[in-house]
Amino acid sequence: MKIAAIGGGVIGGGWIARFILAGHDVAVFDPHPEARRIVSEVMANAGDAWQRLYQAPLPSPGTISWAASIAEAVSGADYIQESVPERLDLKHRIIVEIEAAASPQAILASSTSGFKPSELREGATHPERILVAHPFNPVYLLPVVEVVGGGDAAQRASALLESVGMKPVQIAREIDAHIGDRLLEAVWREALWLIKDGIATTQEIDDIIRYGFGLRWAQMGLFETYRIAGGEAGMRHFLSQFGPALKWPWTKLMDVPDLDDELVDRIAAQSDLQSGAHSVRELERIRDTNLIGIFHALKANDWGVGKTVSTMENRFYAREGKKVTGYPLRLHEAHVTGGWLDYNGHMTEFRYLQVLGDATDAFLIHMGLDAEYRAGGHSAYTVETHIRHLAEVRGGTRLIVETRLLGYDEKRLRLHHAILDDRGETVATGEHMLLHVDTGANRTVAMPAALMRALEAIIAQDRAPHPDHAGIGIRAVRLKEASA
Ligand SMILES: NC(=O)C1=CN([C@@H]2O[C@H](COP(=O)(O)OP(=O)(O)OC[C@H]3O[C@@H](n4cnc5c(N)ncnc54)[C@H](O)[C@@H]3O)[C@@H](O)[C@H]2O)C=CC1
Ligand SMILES: C[N+](C)(C)CC(=O)CC(=O)[O-]
């Protein structure tokens, strides 16, 4: 599938990074003289974020190509994401250029925050393939995307967006600014009034959000949160208690404050005071790290956005399970990012176990013990591990794991992993014993014939002697050992 991105600014850059990280090739057109630098900086942040977000090995990234014109970028593209500035006349001009060069089947999705598909489609030759796919910043991390326009194009776009880790929400009826920005604008408008009226500063408003209801929204949204606020009687009680307050009213509602020089200066000065110590790129990295922490917390609870992360990880594991040639098996690769380093500047201890654990998962998928098999109530549990740390591993190193099956019986697997760095040096080894279990009964059981056959085929390739350290634990120290 070829993807074209028209516009590579804040949002276009995020789209490009997401598609490339998910393995798609992207052709980009953006006339900005610094577009390549800007996009490459966004991609560096995004790549680092994905390494930290997903435990599973990432797919090989796609490639970026820079086109000299819109026509060149969209020619042969199956999906085109337009992210040029929010002006309807500009978007119309771009759509005319795209339609002149793109295949009639190509989906043309706009990132527009406010325009409706019917507005974008005015004068188009193939209006039915023009959609809104409105994302949220940072596009490479936040999954939600509002898909507006309906029909076959919306179905096809949603399938693609879902496959790159997004949560497409198809909106049945078009409306100015879709749904998310409607909600955000209400809060934004109210916040501007609070500053204009001298009630609060940017810092105070942000604190009230991030120390309070912002935390709730990340995991339950508005309605589920308020259901709980109604106590045991739930939503009905909440509505009867707080419904009348809506009519008092507390808010300024549709009244929009004038963004005159005085208000702009006041907000900009307060924002500088609040956040000026960091560059915008630094703030992006802080934001991404915080978001990843939230994603991980929700993944541990199998809740909300955590489910999106797990779904992608299962896909990555499944994809990894397919590409195997030769023996020892090279099933798993990992990239050592800055966040993996300890105070000595080396890969920290628990990351070794992560790499080895991921390699074990890749082996299990390879032998047929994959997500589908686990869903049937059986899995493998690791019961013993011996890791040897042999060489320092620095940031930026690409690791590859060579896996051998040292032995198996009906209920047990004995694996050996060697972690190699990009020079081919073995930096660590891991030996692991796993048990095949019935997860419902929580006891070991014999593997079915299909898995036994898969193991037999794998071990037939293992012709080298066992490594000399296999089966040996930590050796005794010479000078003094505790007597017990
Ligand atoms: N910034 C945000 O928070 C969000 C923005 N959006 C939407 O995304 C779209 C883009 O917004 P941003 O990325 O924020 O703007 P931006 O100003 O950061 O980027 C726009 C990019 O379009 C390029 N461009 C201008 N004319 C072009 C042309 N003729 N052909 C190709 N590229 C061209 C510019 O050089 C620039 O790099 C807008 O429709 C906006 O409503 C959607 C979600 C969030
Ligand atoms: C400010 N904005 C209207 C462009 C914001 C969005 O469209 C979504 C977001 O990321 O908040």
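Modeller: A salt bridge is a side-chain nitrogen of Lys or Arg within 4 Å of a carboxyl oxygen of Asp or Glu. By this rule the count comes to 27 salt bridges. The model is predicted: local features need pLDDT of at least 70, side-chain atom pairs count only at pLDDT 80 or more, and totals for chains, interfaces and linings use all residues. Residues are numbered from 1 along each chain as its sequence is written, and side-chain values use heavy atoms, leaving out hydrogens and water.

Colleague: What makes Arg-129 and Glu-99 a salt bridge?

Modeller: Their side chains meet at 3.1 Å, N to O, and the limit is 4 Å, so the pair qualifies. Arg-129 sits in the loop between α5 (117–120) and β6 (130–135) and Glu-99 in helix α4 (residues 88–101), so the bridge ties together parts 30 residues apart in sequence.

Colleague: Why does Arg-129 count as buried?

Modeller: Buried means under 20% relative accessible area, exposed over 50%, and partly exposed in between (1.4 Å probe, protein chains only). Arg-129 has 2%, so it is buried. Glu-99, at 12%, is buried as well.

Colleague: What about the pair Glu-425 and Arg-423: how exposed is each?

Modeller: These two also meet in a salt bridge (3.1 Å, N to O). Glu-425 has 35%, so it counts as partly exposed, whereas Arg-423, at 66%, is exposed.

Colleague: Which residues do salt bridges with shared partners join into one network?

Modeller: Glu-34, Arg-37, Glu-41, Arg-281 and Glu-284.

How values were computed. Chains are lettered from A and ligands numbered from 1 in the order in which they are written. Helices (H or I, at least four residues) and strands (E, at least two) are DSSP runs, numbered from the N terminus.
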